[in-house]
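I opened this model to look up a few local features. My notes follow the order in which I checked them.

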Amino acid sequence: MKRVGILISGRGSNMMALVEAGIDVALVASDKPDAAGLAWARERGLATFALSPKGIGKPAYEAAIDAALREAGVEVIALAGYMRLLSNDFVARWRGRIINIHPSLLPKYKGLDTHARAIAAGDAVAGCSVHVVTEELDAGEVLGQAEVPVLPGDTPDALAARVLDAEHRLYPQVLKEFASR
């Protein structure tokens, strides 16, 4: 299995699910040095890297992340609650080797506020998708999906909690398959 680098911005619950599923994680990196997920990763002996892009600009920030990933021997990148858009140049350097988990059944509801949008549309099901990252937001090849029912009276938060449970089951399975190619 290829060595994985995981990018997070916060708590990193999807990162935690990946680690606990036995993914070979070479590095956990974040754009937020105080991200709770970094402390969790360090406590488990995982290598971490943190750098805020504030004050240095996106190109310098992405160059530093790229260097840290390569130095750690990363072959595949998994985005796990990473809330920054990657530049086209970064995506091109890692073409076909970055995947993301998204909280909707793509191609529906790209971007943010997916749960509220699914409820407002009257959808009977919502869910999550693991996809290959491309230069176009949430538009790469879908590698796997999991459906979650939208229940009567659902709130975006209630639906989000059920979708997150589905993400924790789906993402490790799909990443293992993807990293074994």
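These entries cover a helix, the cores, a pocket and some loop residues.

**Ground rules.** I am working with a predicted model, in which local features need pLDDT of at least 70, side-chain atom pairs count only at pLDDT 80 or more, and totals for chains, interfaces and linings use all residues. Residues are numbered from 1 along each chain as its sequence is written, and side-chain values use heavy atoms, with hydrogens and water left out.

**Helix α1.** I took helices and strands as DSSP runs (H or I, at least four residues, for helices; E, at least two, for strands), numbered from the N terminus. For burial I used relative accessible area: buried is under 20%, exposed is over 50%, and partly exposed is in between (1.4 Å probe, protein chains only). Helix α1 spans residues 13-20, and seven of its eight residues are buried. I listed the buried ones as S13, N14, M15, M16, A17, L18 and V19. What covers them? I found that the cover includes strands β1 (4-8), β2 (25-30), β4 (76-79) and β5 (98-102), along with helices α2 (36-43) and α6 (156-179). Just after α1, I noted a positive phi of about 90 degrees at G22.

**Nonpolar cores.** A core here is a set of buried Ala, Val, Leu, Ile, Met, Phe, Trp, Tyr and Cys residues joined through side-chain atoms within 4.5 Å. The largest one has 38 residues, and V4, I6, I8, M15, V28, Y171 and L175 touch the most other members. Helix α6 gives the most to this core, with nine residues. I then found a second, separate core of 18 residues, with A26, I65, I77 and V133 among them.

I followed up on Y171, counting a contact as heavy atoms within 4.5 Å. Leaving aside neighbours within four places in sequence, Y171 is in contact with N14, L18, A78, L79, A80, I99, N100, I101 and V130.

**Largest pocket.** How is its lining made up? I counted 16 nonpolar, 14 polar and seven charged residues in the lining. Ala, Val, Leu, Ile, Met, Phe, Trp, Tyr, Cys and Pro count as nonpolar, Asp, Glu, Lys and Arg as charged, and the others, Gly among them, as polar. Of the 37 lining residues, G81, Y82, M83, N100 and I101 lie nearest the centre of the pocket. A pocket is an open set of points on a 1 Å grid over the protein atoms alone, where a 1.4 Å probe fits, with protein on both sides within 12 Å along at least five of seven lines; lining residues have an atom within 4 Å of a point.

Most residues other than glycine have a negative phi, and most peptide bonds are trans. I looked for exceptions. The peptide bond from L106 to P107 is cis, with omega near 15 degrees. P107 lies in the loop between β5 and α5 (114-120).

D113 is found in the loop between β5 and α5, and its phi is near 60 degrees. I logged D113 as exposed, because its relative accessibility is 60%. D138 has a phi near 55 degrees and sits in the loop between β6 and β7. D138 counts as buried, because its relative accessibility is 7%.

**T134.** T134 lies in the loop between β6 (125-132) and β7 (142-149). Its relative accessible area is 29%, so I logged T134 as partly exposed. Not counting residues up to four places away in sequence, T134 touches V91, A139 and G140. From T134 to L79 I read 12 Å, C-alpha to C-alpha, at 55 residues apart in sequence.
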